[in-house]
Amino acid sequence: MKVSVIIPAYNAAGTIADTLQSLLDQTFTEWEAIIVDDGSTDDTSVIVNKFIEKDSRFRIIKQTNQGLSGARNSGITHARYNWLLFLDADDWIFPQHLNRLTSALKVDPGLKVVYCGWTYVTPDGEHVFPRFANLEGDLFVAFAQYCVSVVHTFIISRSLVELHGCFENSHRSCEDWDLFQRIARTGIRFGAVNEILAGYRMRPDSLSRNGHQLLVDGIKVLNRGHGPDLRVPYSHPVYPNGLPRDKLTKNKYDLLYACAGYLIGGEKDARSLLEMLKDERCPDLNANEVASCLFTHTIVSAARPRSEWYRVWSRCEYQLKTFLEALEMQTGTAGLTRRATLYVKHLILKHATDPSLYRRFDYFKDGLFFGMLKLLHKSHRTIRQLVHFCRKHYV
């Protein structure tokens, strides 16, 4: 079994060396890497050529700028092997990635796609917010509602990708989610390796910070998942018309929180995103889910070391509050702003590296103390310990 790793690169001189080095560090050796220089104007090709000089498994393709989908599709046409991995030029994979995933494919020859877990990586190299969907088999229901995993966690059959039309050039984002949703609609089985084997670099200039574009493209993917998709050559008999539309609005709002977080992390006003769902009410939002999603994506977008997350929250507090107020008004979820704000503060404290941060919150003034009591729902002993802690530090 051999794997073609396709790496689209546009002005990636600052990160691509780490990406390519992660391939050299693989314990699995039967791979090739096709780097598609998509019209770069920096030293991307210079850096790539140094790797080519060291190892003939690297190749470079140069083209005028065609965007992420166009670059990946070009890489597919130049691939020599039957299995594909799509790796962006600012991310990387851990040493056992290819070995673990190809082993899973060998154990179950009926699989045509397998994926693993992944983690965000802060600018100082710390792994945070690890992710693994823990799903396998028929995943259309999942992909119709959200993107199950990031693109470089998957190894997939080349023939399967080509059969489903490769990446959609009309998408400026969410193109990987769109492709995997099309593939999942056929009912094909996905394999899963329950290990964190890929890193996603947190960068302030990442394309993912474009929350508006992500929401526009993501809504397209969600609508397709809840309706017929004529691009799919054959759908599973259960999914010709996608999922029922009763949960579509909730799925759109779940995506909206992530997109809002990306904007808020860049200290931008996220309220304009609500215009895209202005005619859709969703009065039963879960405040903790909203807060968790906003917190995570705000932090990812800000791309700061964990020791600075409190400062990120301080800078973005106003944008977060005004977005939550607008969200509460539009959806009709009573008390959303207060409850979600309290939970965001709880998450800041949970992830804090500086114990002095606990003194910067006035628990009794803003009600966070009582909010945490309600959130804990644990034993009386745990509550007593919390009360003792607060009395010791605040009374």
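Which residues do ring pairs link into a cluster? Here is a friendly walk through the model, point by point.

1. The answer first: Tyr115, Phe132, Phe143, Phe154, Phe180 and Phe190 are joined into a cluster by ring pairs. Please keep in mind that this is a predicted model, where local features need pLDDT of at least 70, side-chain atom pairs count only at pLDDT 80 or more, and totals for chains, interfaces and linings use all residues. Residues are numbered from 1 along each chain as its sequence is written, and side-chain values use heavy atoms, with hydrogens and water left out.

2. Now the overall make-up. The protein has 15 helices and 10 strands; these are DSSP runs numbered from the N terminus, with helices being H or I of at least four residues and strands being E of at least two. Of the 395 residues, 54% are buried. Buried means under 20% relative accessible area, exposed means over 50%, and partly exposed lies in between (1.4 Å probe, protein chains only). Among contacts between residues at least 6 apart in sequence, 78% join residues at least 24 apart, where contact means heavy atoms within 4.5 Å.

3. Back to the rings. The structure holds 19 aromatic pairs. Rings of Phe, Tyr and Trp (its six-membered ring) pair if their centres lie within 6.5 Å; planes under 30 degrees apart count as stacked, over 60 as edge-to-face and the rest as tilted. Phe143 and Phe154 have ring centres 6.4 Å apart and planes at 40 degrees, so this pair is tilted. Phe143 belongs to helix α5 (residues 140-143) and Phe154 to strand β9 (residues 154-157), so the pair ties together parts that are 11 residues apart in sequence. Both Phe143 and Phe154 are buried.

4. Phe154 also pairs with Phe190, and this pair is edge-to-face, with 6.5 Å centre to centre and 80 degrees between the planes. The pair links distant parts of the chain, since Phe154 is in strand β9 and Phe190 is in strand β10 (residues 189-201), 36 residues apart. Relative accessibility is 1% for Phe154, and Phe190, at 1%, counts as buried.

5. Strand β9 also holds Ser157. At 5% relative accessibility, Ser157 counts as buried. Leaving aside neighbours within four places in sequence, Ser157 is in contact with Asn82, Trp83 and Lys112.

6. Two charges deserve a look. Lys54 lies over the face of Phe51, 4.4 Å from the ring centre, and Arg72 lies over the face of Phe167, at 5.0 Å from the ring centre. A charge sits over a ring if NZ of Lys or CZ of Arg is within 6 Å of the ring centre and within 35 degrees of the ring normal.

7. Next, a helix pair. Helix α8 (residues 211-225) and helix α9 (residues 248-265) have axes that come within 9 Å and cross at roughly 160 degrees. That makes α8 roughly antiparallel to α9. Axes are lines fitted to C-alpha atoms, for helices over the stretch in contact, and angles run from 0 to 180 degrees between N-to-C directions. Angles under 35 degrees count as roughly parallel, over 145 as roughly antiparallel, 65 to 115 as roughly perpendicular and the rest as oblique. Residues of α8 that meet α9 include Leu214, Leu215 and Leu222.

8. Finally, helix α10 (residues 287-302) packs with helix α11 (residues 309-331) at an angle of about 135 degrees, with their axes 11 Å apart. That makes α10 oblique to α11. Among the residues making the contact are Val290 and Phe295 of α10 and Trp309 and Phe323 of α11.
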